[in-house]
Amino acid sequence: MKSLSIKNLHKKYDQTEVLRGIDISLESGEFLVLVGPSGCGKSTLLSCIAGLEEITSGSIKLGEKDITHASPKDRELAMVFQSYALYPNMTVRQNIEFGLKISKYSKEEIENRIQSAASMLQIKELLNRKPAQLSGGQRQRIAIARSISREPSIYLFDEPLSNLDAELRVRMRAEIKKLHKKVKKTIVYVTHDQIEAMTLADKIAIMHNGTIQQFDTPINVYNNPCNLFTAGFIGSPSMNFIDVKIQKNGNKYFINLKNEIQEDNFLYLDASYEYLEKYLNKEVIAGIRPEHMQNGFRSLEISHELQDLKANISFSEYTGADAFLFLKLNDTDVIARVSSDDLKADGENIALKVWTKKILFFDKKTENRIR
Ligand code: ADP
């Protein structure tokens with residue numbers, strides 16, 4: 001069953017169009033993360049779904065119900081804000097109770113819901129405190145408990161973890177994921193943090209300039225980005241983009257990744273790259289993820305897909321488990337992500353393996369993936 005479907009949604013503020021034809025279709029119980037750089041329209045889209053902003057054109061349906069012009073309180077959804085939005089002069093219990101009283105539930109029903117939300121979020125011992133007596137993480141937990149107690153058909157989360165410190169954010173992220181497994185409700189979650197997006201989502205919508213660039217599962221977004229923007233946005237360090245010319249020797253395409261210690265370093269591409277024919281002798285952008293240039297590949301099965309690349313290390317960064325090696329290929333700075341056992345001193349040479357089968361190509365003009 002579809003739980004949320006948005007068709008061709010546009011939103012203008014005066015003459016500025018901030019959402020430009022958004023389409024989303026979610027199955028019941030799916031966890032959607034809207035992710036993208038600041039200003040791309042994520043919060044505006046969430047506010048449009050919540051009914052806090054009137055849309056300019058298009059439609060929004062929750063289940064079978066058209067809610068395009070419904071008031072927020074008739075939308076059967078609950079929103080959790082970055083700022084928690086708790087009433088400071090009410091206790092935790094009163095904060096949760098407030099919305100339930102307005103909805104005119106019986107006393108018994110209200111108590112049941114408070115207890116059930118409090119035990120799910122492990123906040124029973126906090127019910128009589130006021131927000132000022134709570135830590136940031138506890139406040140966010142209360143805000144989530146409050147939304148759960150209303151038992152909506154869909155939850156909207158607007159950057160709920162961005163006010164928390166890094167460690168707490170990781171813990172709360174896991175809690176939200178567990179909670180979703182338990183309540184099995186549809187969630188639309190806004191974040192600018194790609195790790196949060198990748199770890200939480202069933203589906204990710206990558207937004208840019210008021211449009212959805214790609215709507216897909218985390219695995220597909222990572223392995224099969226549809227254009228240069230999504231390829232560069234997901235992944236840390238980012239995918240390397242290198243200008244290359246598509247050349248052919250016999251029936252094999254190849255590219256050249258030169259650097260200061262190797263004037264020619266040809267990488268041959270297998271038969272699956274046939275689609276490059278129309279780009280023969282033309283410049284395209286090659287996309288190579290840092291982890292696809294290393295020498296610690298463990299799987300023997302891919303050994304025939306690896307090709308050599310010798311390079312000089314401009315400098316390196318040690319991060320603990322990994323080391324990032326900075327090198328220059330075709331006059332572009334790129335990063336290789338190697339095991340920290342392979343850490344090199346600045347200026348040293350290294351023999352890397354490139355997993356050629358993983359190289360993606362992008363059209364220079366349209367920036368779309370070539371495939
Ligand atoms: P994000 O959540 O992705 O950071 P927003 O949805 O907050 O982005 O904003 C998208 C764009 O809409 C931004 O350029 C922002 O300046 C603009 N915007 C947001 N709210 C308003 C408003 N009330 N009036 C005019 N422009 C707005």
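Helices α2 and α4 cross in a right-handed sense. This description rests on a predicted model. The protein chain is assigned two domains, domain 1 (4–233) and domain 2 (240–362).

**Helices α2 and α4**
- Helix α2 spans residues 92–102 and helix α4 spans residues 136–149.
- Their axes come within 9 Å and cross at roughly 30°. Angles under 35 degrees count as roughly parallel, so α2 is described as roughly parallel to α4.
- On the α2 side, the residues in the contact are V92, N95, I96 and L100. On the α4 side, they are I142, A145, R146 and S149.
- Sorted by class, the contact of α2 with α4 has five nonpolar, two polar and one charged residues.

**The open sheet**
- Four strands make up an open sheet, and their order is β11-β15-β21-β22. The pairing is antiparallel.
- The edges are held by β11 (240–245) and β22 (369–370). Each has a single partner strand, so one side of each is left without a neighbour in the sheet.
- Strands of a sheet pair through backbone hydrogen bonds, and the pairing can be parallel or antiparallel.
- Strand β15 (residues 283–288) pairs with β11 over six bridges, in the antiparallel sense.
- F241 stands opposite G287 in β15.

**The two domains**
- The C-alpha centres of domain 1 and domain 2 are 40 Å apart.
- Where the two domains are in contact, seven residues of domain 1 meet six residues of domain 2.

Note on methods: Residues numbered from 1 in each chain as written. Predicted model: local features only at pLDDT ≥ 70, side-chain atom pairs only at ≥ 80, totals over all residues. Heavy atoms only, no water. Pairing = 2+ DSSP bridges. Helix = DSSP H or I, 4+ residues; strand = E, 2+ residues; numbered from the N terminus. Axes fitted to C-alpha atoms, helices over the stretch in contact; angles between N-to-C directions. Parallel < 35°, antiparallel > 145°, perpendicular 65-115°, else oblique. Left-handed = near helix turned anticlockwise from the far one by under 90°. Contact = heavy atoms within 4.5 Å. Nonpolar A, V, L, I, M, F, W, Y, C, P; charged D, E, K, R; others polar. Domains from an automatic or database assignment.
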